[in-house]
Amino acid sequence: MFNDLNIKKDNLPLTLPIFPLSGALLLPNIELPLNIFEQKYIKMVDDALAEKKLIGLVQPQHNLIAKISKNKPLYKVGCVGKIRAFNETDDGRYLIVLSGVCRFTLGEEVATMRGYRRFKVDYSSFENDFEVRSEKNIFKLEIERKELFSKINSYLEKNSIDASLNNI
């Protein structure tokens with residue numbers, strides 16, 4: 001599934017609409033279904049559909065400043081996703097599926113007139129997100145996955161946590 005969207009780094013916009021969403025993580029080559037119901041984010045989806053169908057997803061920071069700030073501080077790394085599926089519900093919500101393309105680093109916030117936030121973004125630290133899947137890369141990823149699961153299982157065991165990743 002690596003880069004199955006056939007999007008090249010040079011074709012990504014330098015400014016993205018940003019969807020700050022707690023509890024959801026978009027990663028390259030992963031699909032994320034979303035239920036869009038706030039008016040400003042419905043406008044964001046409308047605008048994205050009219051252009052390249054791209055939206056950046058970033059986790060908001062949860063701290064004292066975030067609780068009193070209108071524009072909550074965001075973590076510096078997010079992921080751009082392409083809208084792969086879209087459905088409008090009878091009550092005006094949007095059900096979309098984002099497919100992760102590439103991670104980015106947030107830059108300067110850009111003014112918007114539609115209510116949602118836009119930022120300049122930089123993809124240069126994450127160019128490996130565009131690697132084409134090959135047998136060699138798949139084998140390397142499988143080895144890395146096994147090593148990661150082994151370390152997590154070791155941690156769980158050492159801390160007497162009753163869980164295992166062996167069946168994943």
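# Close-up views of a predicted model

**View A. Leu25, Leu27 and Ile30 make a nonpolar surface patch of about 270 Å².** Patch members have over 30% relative accessible area and no salt bridge, with nonpolar side chains (Val, Leu, Ile, Met, Phe, Trp, Tyr) joined within 5 Å. Accessible areas come from the Shrake-Rupley method with a 1.4 Å probe, and for residues only the protein chains shown count as cover. A salt bridge is a side-chain nitrogen of Lys or Arg within 4 Å of a carboxyl oxygen of Asp or Glu. Leu25 sits in the loop between β1 and β2. Its relative accessibility is 57%, so Leu25 counts as exposed.

The model is predicted: local features need pLDDT of at least 70, side-chain atom pairs count only at pLDDT 80 or more, and totals for chains, interfaces and linings use all residues. Residues are numbered from 1 along each chain as its sequence is written, and side-chain values use heavy atoms, leaving out hydrogens and water.

**View B. The protein has three helices and six strands.** Helices (H or I, at least four residues) and strands (E, at least two) are DSSP runs, numbered from the N terminus. Along the sequence the pattern reads β-β-α-β-α-β-β-β-α. Of the 168 residues in the protein, 35% are buried. The protein exposes about 10,900 Å², and carbon and sulfur atoms supply 53% of that area. Contact means heavy atoms within 4.5 Å. Among contacts between residues at least 6 apart in sequence, 65% join residues at least 24 apart.

**View C. Three aromatic pairs are counted in the model.** Rings of Phe, Tyr and Trp (its six-membered ring) pair if their centres lie within 6.5 Å; planes under 30 degrees apart count as stacked, over 60 as edge-to-face, and the rest as tilted. Phe19 and Tyr41 form a tilted pair, 4.6 Å centre to centre with 55° between the planes. Phe19 lies in strand β1 (residues 15-20) and Tyr41 in helix α1 (residues 39-50), so the pair ties together parts 22 residues apart in sequence. Phe19 is buried, at 8% relative accessibility. Tyr41 is buried too, with a relative accessible area of 8%. Another pair, Phe86 with Tyr94, is edge-to-face: 4.8 Å centre to centre, 70° between the planes. Here Phe86 is partly exposed at 39%, whereas Tyr94 is buried at 7%.

**View D. The largest nonpolar core holds 19 residues.** A nonpolar core is a set of buried Ala, Val, Leu, Ile, Met, Phe, Trp, Tyr and Cys residues joined through side-chain atoms within 4.5 Å. Which members touch the most others? They are Phe19, Ile36, Ile55 and Ile96. Two or more residues come from each of β2 (31-36), α1, β3 (54-58), β4 (77-88) and β5 (94-110). Helix α1 gives the most, with five residues. Leaving aside residues up to four places away in sequence, Phe19 touches Leu34, Ile36, Tyr41, Met44, Ile55, Gly56, Leu57 and Val58. A second, separate core has 17 residues, including Val58, Val101, Phe119 and Val121.

**View E. Asn6 and Val101 are 95 residues apart along the chain, with their C-alpha atoms separated by 9.4 Å.** Asn6 lies in the segment before β1. Asn6 is exposed, with a relative accessible area of 60%. Val101 belongs to the second core.

**View F. Five salt bridges are counted in the model.** Asp129 bridges to Arg103, with the closest N and O atoms 2.8 Å apart. This pair links distant parts of the chain, 26 residues apart: Asp129 is in the loop between β6 (117-122) and α3 (135-158), and Arg103 is in strand β5. Asp129 is buried at 7%, whereas Arg103 is partly exposed at 25%.

**View G. Glu109 and Arg117 meet through their side chains in a salt bridge (2.9 Å, N to O).** Glu109 is partly exposed, at 34% relative accessibility. Arg117 is buried, at 13%.

**View H. Arg93 and Asp91 form a salt bridge at 3.0 Å, N to O.** Buried or exposed: which is Asp91? Asp91 is exposed, with a relative accessible area of 55%.

Conventions: Buried means under 20% relative accessible area, exposed over 50%, partly exposed in between (1.4 Å probe, protein chains only). Patches are made of residues with over 30% relative accessible area and no salt bridge: like charges are joined within 9 Å, nonpolar side chains (Val, Leu, Ile, Met, Phe, Trp, Tyr) within 5 Å.
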